[in-house]
Amino acid sequence: MLHMIKLCVGCDTVEQLLAWRREGALAGEPWTMRTRQTPKRAEDLIDGGSLYRVYRGQILSRQRILAVRTVAKGARAHCEVTLDEAVVRTLPTPRRAFQGWRYLAAGDAPPDLIAADLGDDLPGPLVQRLREIGAW
């Protein structure tokens, strides 16, 4: 299994991402992330992979990747990654800034908060601070 990781530009929290989706989504339209380069390993991504998002230096959430396709040709070509509507919170994990997107090996992906038995109800800043001081 292979994942993708990308900076969440314009949103500092998972809540802001969800609000952006609620305000901008058209009825029946899938959640699509657009990027310039089509992944060469797209088949590996749609075989159970997720898009992990980095907010202000921390991986905080993921969404399952449903499809990857190239749109248009030539200079106008770009990639559309269709995502599951469910946003799963992950254990906050530090990640430096980078451009574009990167592959993320399954072994390097942070666990889901629920899988880590931490619950989904802890405030993000508290979880982040606990990670910083080594309590997690």
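**Whole chain**

Begin with the surface display: the accessible surface of the protein chain comes to about 8,300 Å², and 50% of that belongs to carbon and sulfur atoms. Accessible areas are from the Shrake-Rupley method with a 1.4 Å probe, and for residues only the protein chains shown count as cover. This is a predicted model, in which local features need pLDDT of at least 70 and side-chain atom pairs count only at pLDDT 80 or more, while totals for chains, interfaces and linings use all residues. Residues are numbered from 1 along each chain as its sequence is written, and side-chain values use heavy atoms, with hydrogens and water left out.

Switch to a cartoon. The protein chain has three helices and seven strands, in the order β-α-β-α-β-β-β-β-β-α from the N terminus. Helices (H or I, at least four residues) and strands (E, at least two) are DSSP runs, numbered from the N terminus.

Colour by burial next. Of the 136 residues in the protein chain, 38% are buried (under 20% relative accessible area; exposed is over 50% and partly exposed in between, with a 1.4 Å probe and protein chains only).

**The nonpolar cores**

Select Met4, Tyr55, Ile65, Val81 and Leu83: among the 19 residues of the largest nonpolar core, these touch the most other members. Such a core is a set of buried Ala, Val, Leu, Ile, Met, Phe, Trp, Tyr and Cys residues joined through side-chain atoms within 4.5 Å. Elements giving two or more residues to this core include strand 1 (2–7), strand 4 (58–71) and strand 5 (78–83).

Centre on Met4. Leaving aside residues up to four places away in sequence, Met4 touches, among others, Met33, Leu45, Ile65, Val81 and Trp101 (contact: heavy atoms within 4.5 Å). Then select Tyr52, Val54, Phe98 and Ala109, which are included in a second, separate core of seven residues.

**Aromatic pairs**

Show the rings of Phe, Tyr and Trp (its six-membered ring), which pair if their centres lie within 6.5 Å; planes under 30 degrees apart count as stacked, over 60 as edge-to-face and the rest as tilted. Trp20 and Trp31 form a tilted pair, 6.5 Å centre to centre with 55 degrees between the planes. Trp20 lies in helix 1 (residues 14–24) and Trp31 in strand 2 (residues 31–35), eleven residues apart.

Move to Trp101 and Tyr103: their ring centres are 5.1 Å apart and their planes at 80 degrees, so the pair is edge-to-face. Trp101 is buried, at 13% relative accessible area, whereas Tyr103 is partly exposed, at 29%.
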